[in-house]
Structures are given as structure tokens and as C-alpha cells.
Amino acid sequence: MCQDGYAVVSSDGVGKFEVAFEALAGSAPGKLQPGTVAYIGTGGALPEGADAVVQIENTDTLPPGPDGKKRVRINKAARGPGDDVRAVGSDIRAGAVVLQAGGLVGAAEVGLLATVGATSVQVHQTPHMAVLSTGDEVVEPTTKTLGPGQIRDANRAMLLAAARGTGAQVTDLGIARDTVGQLEACLERAIQAKVDVLITTGGVSMGARDFVKLLLERHATVHFGKVKMKPGKPLTFAILDTPGSAGRPSRCMLVFGLPGNPVSSMVTFNLTVLPAIQRLAGWKEPGLRRVHARTSAAIRLDPERPEYHRVTLHWARPAGAPEGQVGGELVAVGTGGQISSRLLSMRSANALLELPAVEKTLPAGSVVSALLISDLSGMPVPETPASTISAS
Ligand SMILES: Nc1nc2c(c(=O)[nH]1)N[C@H]1C(S)=C(S)[C@@H](COP(=O)(O)OP(=O)(O)OC[C@H]3O[C@@H](n4cnc5c(N)ncnc54)[C@H](O)[C@@H]3O)O[C@H]1N2
Ligand code: MOO
């Protein structure tokens with residue numbers, strides 16, 4: 001039953017009726033005689049003998065009869081049997097498959113599992129991720145006054161938040177100074193904590209004290225240590241195998257040595273760490289989703305490295321389209337200077353434009369592919385609301 005009102009025999013039509021009983025949600029339905037009605041609440045089971053419901057708005061309560069029984073006037077008759085009644089099984093057929101194996105379980109899916117009483121289901125194990133910042137100049141964000149050359153640790157807080165956003169179990173490994181000893185100790189802590197994915201930032205480039213690559217070469221298999229991309233050139237990836245011992249199974253830990261520049265670390269997290277986590281969490285199709293967007297301004301391309309240009313996608317009417325036209329397109333608005341230390345270029349960015357390495361300027365209005373790095377629910381609301389299609 002789907003409305004508050006009166007359960008009726010639809011052929012009784014309009015008129016004055018005795019309210020024989022109340023069929024409230026959660027109680028066993030009674031039996032209704034023709035010529036009478038029963039009060040029914042949304043979610044109540046339709047009494048035997050009734051075949052429709054008249055909503056409360058279509059009735060008036062009358063003074064009780066001489067016998068003290070409640071009475072009601074039905075002003076608008078039910079259209080026929082089944083009016084405002086939801087048949088048992090109309091939402092989910094008996095035997096229907098409510099979830100496919102291998103699908104993502106979000107809030108609605110949890111609700112479906114609860115509905116069918118599936119309180120225990122097999123899921124992939126939540127990956128365990130750890131985040132480590134490195135660098136002698138990197139200090140805790142709580143540091144009030146920065147000393148010469150110091151910088152607050154933006155990467156760790158940012159990547160911990162991003163890691164939590166993936167649903168992974170997350171461990172904060174703090175900040176390691178630029179010494180092989182400290183880095184080795186942190187690596188050991190990650191191994192002991194049975195981390196599946198370790199993310200480090202900083203210390204992967206060419207500096208005299210960039211020891212992360214050295215550490216990984218010593219303890220793991222480095223699969224790549226440089227990528228032709230902007231930002232993120234020194235991105236390093238290694239796999240560390242821990243052999244099994246005395247009843248302990250062997251394990252492998254994926255290690256992503258992300259560049260220290262905050263934007264580089266965030267962009268490479270999205271492009272490489274996120275799909276890896278999704279794969280470990282059992283996603284069938286990991287990776288960022290690609291859409292097309294129209295650029296709102298000219299962009300000078302990098303002639304050497306393909307660039308992941310941070311933008312905020314808006315939904316807008318195509319330029320020149322008449323006022324009130326239904327439909328629109330994604331428009332990419334740049335986030336300002338794209339230098340990899342400028343974290344402001346990530347603020348409110350919901351996509352990365354995939355720009356080719358070509359010696360030219362891409363004119364405004366070009367259509368380019370864009371990888372989504374957040375869902376679009378925080379997308380700016382247009383000044384002129386997008387029209388909705390109205391049924392005619
Ligand atoms: N000779 C070369 N130098 C550099 C190259 C190169 O190819 N040859 N690559 C450049 C590129 S591209 C990048 S990106 C950076 C990345 O280097 P590292 O990963 O070694 O990072 P660091 O040098 O440690 O730091 C870079 C930059 O980022 C700041 N930083 C580091 N950690 C944090 C943190 N947790 N929070 C905020 N900011 C952080 C750090 O202070 C530096 O300013 O190398 C170029 N050099
Ligand atoms: O490639 Mo680096 O990540 O820009 O500064």
C-alpha cells in the first residue's frame with residue numbers, strides 16, 4: 001500500500017461510510033465488508049475484501065454515528081481495483097537478481113542487500129594504503145612559523161584524504177628525513193603493517209639527497225622511474241616482494257614514489273595509484289572516466305611532454321545556442337597557472353585535460369578529452385540554469 005487514506009471496495013464509489021477498523025503499517029490486515037472502509041496508513045497491508053485505496057485528501061471526516069463508530073465521506077472514488085495499491089512483489093519480483101557479482105556496492109546496493117535480508121556477502125578485501133612524506137625541508141602543518149627553506153607538509157594530508165576517499169584502509173607514516181636510514185625504517189614499518197600500497201612523495205628526482213629511488217632499487221623491483229608526462233616526470237613505481245616465512249604467506253607491496261611537488265603528487269595519484277587501488281578492490285573497469293569538453297580559453301601546449309591540465313568542468317549551453325535551448329556541453333575552465341608547485345591549480349579541479357605534446361597553441365573552443373578526477377556533483381551551478389525537458 002502506498003498512500004495514507006481509506007481501503008475501499010472500489011465499486012462502492014463516493015458517499016458516506018463507516019470506518020470499520022484501522023489497517024496500520026506493521027499489523028495484520030483485517031477483513032473488509034462492502035459498504036464500509038478501513039483507515040490505512042502508507043505501508044499498511046490491504047485488508048481482505050478491499051481492492052483500492054482513496055487518499056485522505058479525497059475524503060472528509062464526519063462526526064461519529066449514534067453507535068460511536070468513526071465515519072468518513074469519500075468525495076472522489078477510486079478509479080478501479082488496484083488504485084493506489086502496490087502489489088506484493090511489484091518492486092522486486094520473486095527470484096529476481098538484485099545485484100550482479102563483481103559490481104560496486106554503494107549506498108543503494110547496501111539498501112538492496114538489506115531489503116532481501118542478505119546480511120553477509122562476499123566482498124573484496126579493502127586494500128591497505130600507507131602515505132609517507134619525505135624531505136628535510138618538510139615540516140608538520142601545525143608548524144606556526146616556518147624556518148628558512150621549510151615547507152608545510154601538504155602532500156601527506158592531501159593524499160591521506162584522497163586515499164580515504166577510495167575506501168582503502170589508511171596508515172599515516174609521517175615524514176621521513178632525507179636519509180637512507182630513516183627511509184628504510186619507514187619501509188620496514190609499511191612491511192610490518194602489511195601495507196598493500198605505499199605512497200611516498202618527494203625524493204625521486206635527480207637531487208643529491210633524493211634517496212627514494214635508491215631505496216627502492218635496493219629493496220624492490222623498480223618497474224619505471226620516469227614518465228613522459230607533465231606534471232609527474234619523476235614518477236617511480238616498484239614492487240616489493242616479502243618472502244613468506246614460518247607459516248606467513250609471501251606478500252607483495254606496490255610502491256608509488258610520487259614526485260614531491262604537490263600538484264605532481266596529486267595528478268599522479270589520480271592517474272596511477274587510484275586505478276591500482278580500484279583493481280585491488282575488485283573493480284572490473286578501474287581507471288578515470290573520460291569525457292569530452294570544450295576549452296574556454298587558449299592553451300599553450302608543451303612541445304615535449306603530454307600535459308594533464310587541471311580544469312573545472314561546467315555544464316553550459318553551447319556558445320551561440322538560442323536562449324532556453326535544451327541540452328548543453330561540458331566546458332573546461334582552467335584553474336590558473338599550471339606550475340606543479342601551485343596547489344591552487346588543483347582547487348575545485350574536477351578533471352584533467354589530456355593535452356598532446358605539440359608545439360602549438362590550442363585555440364579556445366577546441367574539444368579535448370578530459371579525465372574526471374572527482375564526481376561532478378560539486379560542479380559549479382550555471383548562472384542561467386540549464387533547461388529541463390518538460391513533458392508535453
Ligand atoms: N635536474 C633535475 N631536476 C629536477 C627534475 C629533473 O628531471 N632533473 N625533475 C623536476 C620535477 S619534474 C619534479 S616534479 C621535481 C620532483 O622532485 P622530487 O620528487 O625529488 O621532489 P623534491 O625535490 O623532494 O620536492 C619537490 C618540491 O616539492 C616540495 N615538497 C616535497 N614534499 C612536499 C610535501 N610533503 N608537501 C609540500 N611540498 C613538498 C619540495 O619542497 C620541493 O619544492 O623535481 C624536479 N627537479
Ligand atoms: O613533472 Mo614535475 O612533476 O612537473 O614538476
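Predicted model: local features only at pLDDT ≥ 70, side-chain atom pairs only at ≥ 80, totals over all residues.
Local features need pLDDT of at least 70, side-chain atom pairs count only at pLDDT 80 or more, and totals for chains, interfaces and linings use all residues. Residues are numbered from 1 along each chain as its sequence is written, and side-chain values use heavy atoms, without hydrogens and water.

Me: Is strand E21 largely enclosed or exposed?
Reply: Strands are DSSP runs of at least two residues (E), and helices of at least four (H or I), numbered from the N terminus. Buried means under 20% relative accessible area with a 1.4 Å probe, protein chains only. Because five of the six residues of E21 (residues 367-372) are buried, the strand is largely enclosed.

Me: Which residue of E21 is the bridge partner of Val-291?
Reply: Two strands pair if DSSP finds at least two bridges between them. Strand E15 (residues 290-295) runs antiparallel to E21, joined by five bridges. In E21, the partner of Val-291 is Ala-370.

Me: Which residue stands opposite Leu-371 of E21?
Reply: Strand E19 (residues 351-355) also pairs with E21, through three bridges in the antiparallel sense. Opposite Leu-371 stands Leu-352.

Me: How are H2 and H5 oriented?
Reply: Axes are lines fitted to C-alpha atoms over the stretch in contact, with angles from 0 to 180 degrees between N-to-C directions. The axes of H2 (residues 154-165) and H5 (residues 262-280) come within 10 Å and cross at roughly 15 degrees. Since angles under 35 degrees count as roughly parallel, H2 and H5 are therefore roughly parallel.

Definitions and conventions. Chains lettered and ligands numbered in written order. Buried < 20%, exposed > 50% of the residue type's maximum accessible area, 1.4 Å probe, protein only. Parallel < 35°, antiparallel > 145°, perpendicular 65-115°, else oblique.
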